[in-house]
Amino acid sequence: MKKTLSIIFCAVSFIYTLWYMHFGIPYKNSGALSKIGIEHKGLFVIWGALTFLALAYSIIIAYKRYLKTKLYIPLLAVSGIGLALFLIFEFDYDIMPDYYLHCAGSLAFSVVMGTTMFLLFLLCYKKGLIFKVFTFMSASMLLIDLVMLLIFKENALIEALPIFAGYIMLSIVNLRRDRIEIKQ
């Protein structure tokens, strides 16, 4: 039941994110999720809450299933605080304290959430090929996203692609069946 709920959260959040992105031009700076949130504050808060719930719940399920560590708890707390700053404070250049807190929250949310997923895959590296592939994919995604952000600035595609990858990778890991060894 928990795995199914995780997949439902990810699917709903995936679809909502795609729908939310239609308010802007995804490949332009004006289509950044935060900039859409200036005009659609309520929808922006719903997007943030859905995204955090889907990713955090899926991460908790995966960590409990595959690892004995509770490392995810402080990481998700920091990510949640970052998301709260991201959602509460305006993305407004005219109000510099709000703008800086918004950007710091966005960075904390995305980097810590991405790191939490990367650590899950890294710590499970020897447990199967899928974890090896996802370790490299998540590390590559974090680096490529950073470079693209520095080159092209923010836009909805650069912001959303790591989130979409997280939904997909966590769903695959949580749906994965464990191998059963037959002892003779």
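# A chat about an all-helix model

Modeller: From the N terminus on, the elements of this protein run α-α-α-α-α-α-α, and the model we are looking at is a predicted one.

Biologist: How many helices and how many strands is that?

Modeller: The protein has seven helices and zero strands.

Biologist: And what about the overall dimensions, what does the C-alpha trace span?

Modeller: Along its principal axes the C-alpha trace spans about 70 × 30 × 30 Å. The radius of gyration is 17 Å, which agrees with the value near 16 Å that a compact globule of 184 residues would have.

Biologist: What share of the residues is buried?

Modeller: Buried residues make up 40% of the 184 in the protein. As for contacts, if you take those with a separation of 6 or more, 73% of them are between residues 24 or more positions apart.

Biologist: Let's go to Thr 51. Where does it lie, and is it buried or exposed?

Modeller: Thr 51 lies in helix 3, which covers residues 41-66, and it counts as buried because its relative accessibility is 0%, where the cut-off for buried is under 20%.

Biologist: What does its side chain reach?

Modeller: The side chain of Thr 51 reaches the backbone oxygen of Trp 47 at 2.8 Å, and a polar contact of 3.3 Å also joins it to the side chain of Tyr 167.

Biologist: Changing topic, how many salt bridges does the count come to?

Modeller: The count comes to one salt bridge, in which the side chains of Glu 90 and Lys 41 meet at 3.9 Å, N to O. The pair links distant parts of the chain, 49 residues apart, with Glu 90 in the loop between helix 4 (72-88) and helix 5 (96-123) and Lys 41 in helix 3.

Biologist: Why would two such side chains pair at all?

Modeller: In general, side chains of opposite charge can pair when their charged atoms come close.

Biologist: And how accessible are Glu 90 and Lys 41?

Modeller: Glu 90 has a relative accessible area of 30% and is therefore partly exposed, while Lys 41, at 27% relative accessibility, also counts as partly exposed.

Biologist: What about the aromatics, how many pairs does a search of the whole structure find?

Modeller: The search finds 19 aromatic pairs, one of them being Phe 91 with Tyr 99, which is tilted, with 5.5 Å centre to centre and 50° between the planes. Both Phe 91 and Tyr 99 are buried.

Biologist: Which residues form an aromatic cluster?

Modeller: One aromatic cluster is formed by Tyr 16, Trp 19, Tyr 20, Phe 23, Phe 44, Trp 47 and Phe 86. Trp 47 is also the residue whose backbone oxygen the side chain of Thr 51 reaches.

Biologist: Where is Met 96, and how far is it from Leu 55?

Modeller: Met 96 has its place in helix 5 and is partly exposed, with a relative accessible area of 36%.

Biologist: Last one, what span should helix 7 have, and how many of its residues are buried?

Modeller: Helix 7, residues 156-175, should span 28 Å at 1.5 Å a residue, and its end C-alpha atoms are 28 Å apart, which agrees. This helix is mostly covered, with 15 of its 20 residues buried.

Terms used:
Residues are numbered from 1 along each chain as its sequence is written. This is a predicted model: local features need pLDDT of at least 70, side-chain atom pairs count only at pLDDT 80 or more; totals for chains, interfaces and linings use all residues. Side-chain values use heavy atoms; hydrogens and water are left out. Helices (H or I, at least four residues) and strands (E, at least two) are DSSP runs, numbered from the N terminus. Buried means under 20% relative accessible area, exposed over 50%, partly exposed in between (1.4 Å probe, protein chains only). A polar contact is a pair of N or O atoms within 3.5 Å; within protein, one must be able to donate a hydrogen and the other to accept it, and residues adjacent in sequence count only if both atoms are side-chain atoms. A salt bridge is a side-chain nitrogen of Lys or Arg within 4 Å of a carboxyl oxygen of Asp or Glu. Rings of Phe, Tyr and Trp (its six-membered ring) pair if their centres lie within 6.5 Å; planes under 30 degrees apart count as stacked, over 60 as edge-to-face and the rest as tilted. The expected span of a helix is 1.5 Å times one less than its number of residues. The radius of gyration is taken over C-alpha atoms; the globule rule is 2.2 Å times the number of residues to the power 0.38. Contact means heavy atoms within 4.5 Å.
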